[in-house]
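Please examine the sequence and the structure shown below. The briefing that follows groups its points by topic.

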Amino acid sequence: MKILITGGAGFIGSHVVRLFVTKYPNYQIINLDALTYAGNLENLRDIENASNYKFIKGDIADQSFIDQLFANEEPDAVIHLAAESHVDRSITDPMAFVKTNVIGTVNLLNAARHLWQPGGYDGHVFYHVSTDEVYGSLDFGPEMFTEETSYDPRSPYSASKASSDHFVRAWHHTYGLPIKLSNCSNNYGPNHFPEKLIPLAIHRLRTGQPVPVYGKGENVRDWLFVKDHATAIDAVFHKGKNGDTYNIGGVNEWQNLKLIELLCDVVDEKTGQAQGTSRKLIKFVTDRAGHDMRYAIDSSKIMNELGWKPSVTFEQGLAQTVDWYLANEEWLNSVTSGAYQEYNAKQYAGR
Ligand SMILES: Cc1cn([C@H]2C[C@H](O)[C@@H](COP(=O)(O)OP(=O)(O)O[C@H]3O[C@H](C)C(=O)[C@H](O)[C@H]3O)O2)c(=O)[nH]c1=O
């Protein structure tokens with residue numbers, strides 16, 4: 001089987017690519033990535049020479065490029081992770097999110113349909129990896145997002161992901177395209193670009209800079225270790241039902257301030273600083289515009305039907321993450337200085 005994985009040089013994508021390349025040596029994995037600021041081939045150094053792996057640089061928003069790629073490569077399946085993903089960026093530059101997340105997804109859907117429909121859809125699947133933010137924002141309390149929760153996206157980012165989810169389902173209902181979808185909560189772990197809360201905070205603490213907490217830090221997110229998200233994607237891809245959606249979460253809700261305090265304590269412990277040192281760097285700043293209060297996701301469907309569950313506790317995952325960032329200063333320096341772009345250019349030259 002030849003699988004096209006889009007966004008494979010990004011944070012979640014690189015963990016999915018590595019899992020599939022190493023776990024399924026008989027699959028051919030094509031990693032398609034535009035290598036925008038968040039795409040980093042250094043994430044995949046360990047598997048870049050694997051015989052079942054190939055990297056192609058390209059933009060999913062470029063329709064003729066995508067059509068040509070499908071004609072040349074004839075993938076059997078698509079796992080679509082390529083996306084603009086940072087909510088703050090979507091507030092300042094929404095059009096980039098429309099281009100990649102909406103138009104890019106529709107280009108892929110069209111190309112998959114035109115390639116697969118003539119010979120019959122058997123053995124093919126278009127799997128869209130999405131976010132729990134499409135469901136909107138919850139108040140504090142027991143309520144959680146289920147697969148039946150109505151969509152209520154509120155940021156330009158979540159509106160673009162909701163739109164792409166709708167297009168994926170529309171291609172299933174209208175053209176019969178075999179599809180799967182999953183909506184996941186906040187991920188954390190190695191190789192996370194330091195604009196998102198956890199890697200940003202680790203980077204700031206490591207370099208003695210203030211850690212910005214938006215508003216009062218009361219907002220709640222559910223956190224899942226990225227490698228557990230990758231195993232969930234593996235489960236949905238192989239065992240999920242055609243046309244179905246699976247929510248994926250860590251059963252692990254944290255208020256932002258509490259999470260940052262815990263992270264400060266882990267960093268103090270790992271770096272041998274006196275407890276309380278890092279907490280002094282917490283700085284309350286202006287809130288995010290339209291800041292969603294709470295995401296909480298009910299993962300019982302994927303757990304009961306597909307037998308998936310997270311493999312690490314938050315304490316274990318956070319400790320592994322801090323260890324990774326402390327041991328990989330070079331990666332962090334390369335990302336924060338922009339040097340990784342040179343590595344990217346060298347790796348894709350001629351491909
Ligand atoms: C960057 C930053 C964030 N925050 C707050 C804002 C959020 O309440 C929380 C996490 O923010 P972050 O931007 O890391 O992630 P979300 O906005 O929850 O969205 C993330 O999780 C979902 C599922 C996706 O689908 C997104 O792609 C992914 O970016 O911390 C701060 O307080 N300070 C900061 O400096």
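The lining of the second largest pocket is made up of 4 nonpolar, 5 polar and 6 charged residues. In these classes, Ala, Val, Leu, Ile, Met, Phe, Trp, Tyr, Cys and Pro count as nonpolar, Asp, Glu, Lys and Arg as charged, and the others, Gly among them, as polar. This is a predicted model, in which local features need pLDDT of at least 70 and side-chain atom pairs count only at pLDDT 80 or more, while totals for chains, interfaces and linings use all residues. Residues are numbered from 1 along each chain as its sequence is written, and side-chain values use heavy atoms, with hydrogens and water left out.

**The second largest pocket**

- The second largest pocket holds about 260 Å³ of space; a pocket is an open set of points on a 1 Å grid over the protein atoms alone, where a 1.4 Å probe fits, with protein on both sides within 12 Å along at least five of seven lines.
- Its lining has 15 residues, and those closest to the pocket centre are Glu42, Asn191, Trp324, Asn328 and Trp331; a lining residue has an atom within 4 Å of a point.
- Two elements, α1 (11-23) and α11 (329-337), each supply at least two residues of this lining; helices (H or I, at least four residues) and strands (E, at least two) are DSSP runs numbered from the N terminus.
- The largest share of the lining, 3 residues, comes from α11.

**The ligand and its surroundings**

- The ligand is surrounded by 23 residues, and the closest are Ser85, Thr131, Tyr157, Arg288 and His291; a residue counts here if one of its heavy atoms lies within 4 Å of the molecule.
- A polar side-chain atom of Arg288 is 2.6 Å from an oxygen atom of the ligand, within the limit for a polar contact (a pair of N or O atoms within 3.5 Å; within protein, one must be able to donate a hydrogen and the other to accept it, and residues adjacent in sequence count only if both atoms are side-chain atoms).
- For Tyr157, a polar side-chain atom lies 2.7 Å from an oxygen atom of the ligand.
- In the side chain of Thr131, an N or O atom is 2.7 Å from an oxygen atom of the ligand.
- On its own the ligand has 670 Å² of accessible area, of which the protein covers 94%; accessible areas come from the Shrake-Rupley method with a 1.4 Å probe.
- The elements that give two or more residues to the shell around the ligand are α6 (197-206) and β8 (211-214), and β8 gives the most, with 3 residues.
- By class, this shell has 9 nonpolar, 8 polar and 6 charged residues.

**A buried histidine**

- His80 is part of strand β4 (residues 77-80).
- His80 counts as buried because its relative accessibility is 0% (buried means under 20% relative accessible area, exposed over 50%, partly exposed in between, with a 1.4 Å probe and protein chains only).
- The side chains of His80 and Thr105 are joined by a polar contact of 2.9 Å.

**Loop residues**

- Leu35 lies in the loop between β2 (28-33) and β3 (53-57), and has a positive phi of about 50° although it is not a glycine.
- Leu35 is buried, as its relative accessible area is 9%.
- Glu74 is in the loop between α2 (63-73) and β4; although not a glycine, Glu74 has a positive phi of about 45°.
- Glu74 counts as exposed, at 51% relative accessibility.
- Trp308 lies in the loop between α9 (300-306) and α10 (314-327), and is buried, with a relative accessible area of 5%.

Technical notes. Grid points are joined across faces, edges and corners, and a volume is the space filled by probe spheres set on the points.
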